[in-house]
Amino acid sequence: MSARITRRVIATVLASGAVVAAAALPAGAAETRDHGRSSRVVIGDVNTRDGHGRFGRGGGEWIEVVNTGRGSVNLRGWTLSDRDGNRYRFNNVWLVGHSKVRVHTGFGRDTRRDVFQDRRNSVWDRRDAATLRNDHRRVVDVKSWSGRR
């Protein structure tokens, strides 16, 4: 009779472990897909206007936002701002693992790799800084530059 009880206890423990593991799975998946530990979003390359009011190399000004991790991150509600208070708010932009999106100052049609602020004037000065904040307004990354070429 004790062998029977032992088998029931083992079966109960195994079943309980399976339930706990299944319940934990969605939380881990959400963490990876959203602002989880497996992904880190940073400011990448910056292309600013030159000192004469024209746009710098590449014909327009932009800032890259890069996902350095493996998990996907939704940038909805995140903001990118400069020292003067100009701010761009991301809509439903997903960055899959190891990808980037360029935030252009001018006009254009948003794609997975490029989004546009639809502004007529430059935002990023030769000596400026970009601040990236998440949807909870916490600073995620800051990048500054001096304007030397």
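Asn67 has Ser99 as its bridge partner in E7, where strands are DSSP runs (E, at least two residues) numbered from the N terminus, just as helices are runs of H or I with at least four residues. The model is predicted, so that local features need pLDDT of at least 70 and side-chain atom pairs count only at pLDDT 80 or more, while totals for chains, interfaces and linings use all residues. Residues are numbered from 1 along each chain as its sequence is written, and side-chain values use heavy atoms, with hydrogens and water left out.

**Exercise 1.** Determine in which sense E2 and E7 pair, and over how many bridges.

*Solution.* Begin with the criterion, by which two strands pair if DSSP finds at least two bridges between them. E2 and E7 meet it with six bridges, in the antiparallel sense. Then turn to E8, which runs parallel to E7 and is joined to it by three bridges; in this pairing Arg102 stands opposite Asp114 of E8.

**Exercise 2.** Find the salt bridges of the structure and work out which residues they join into one network.

*Solution.* Take a salt bridge to be a side-chain nitrogen of Lys or Arg within 4 Å of a carboxyl oxygen of Asp or Glu; the structure holds two. In the Lys100 and Glu64 pair, the closest N and O atoms are 3.6 Å apart. Because Lys100 belongs to strand E7 and Glu64 to strand E2 (residues 62–67), this pair ties together parts that are 36 residues apart in sequence. In the Arg102 and Glu64 pair, the corresponding distance is 3.1 Å, and the residues, again in E7 and E2, are 38 apart. Through shared partners, the salt bridges join Glu64, Lys100 and Arg102 into one network.

Next compare accessibility, with buried meaning under 20% relative accessible area, exposed over 50% and partly exposed in between (1.4 Å probe, protein chains only). Glu64, at 3%, is buried, whereas Lys100, at 45%, is partly exposed, and Arg102 is partly exposed at 30%.
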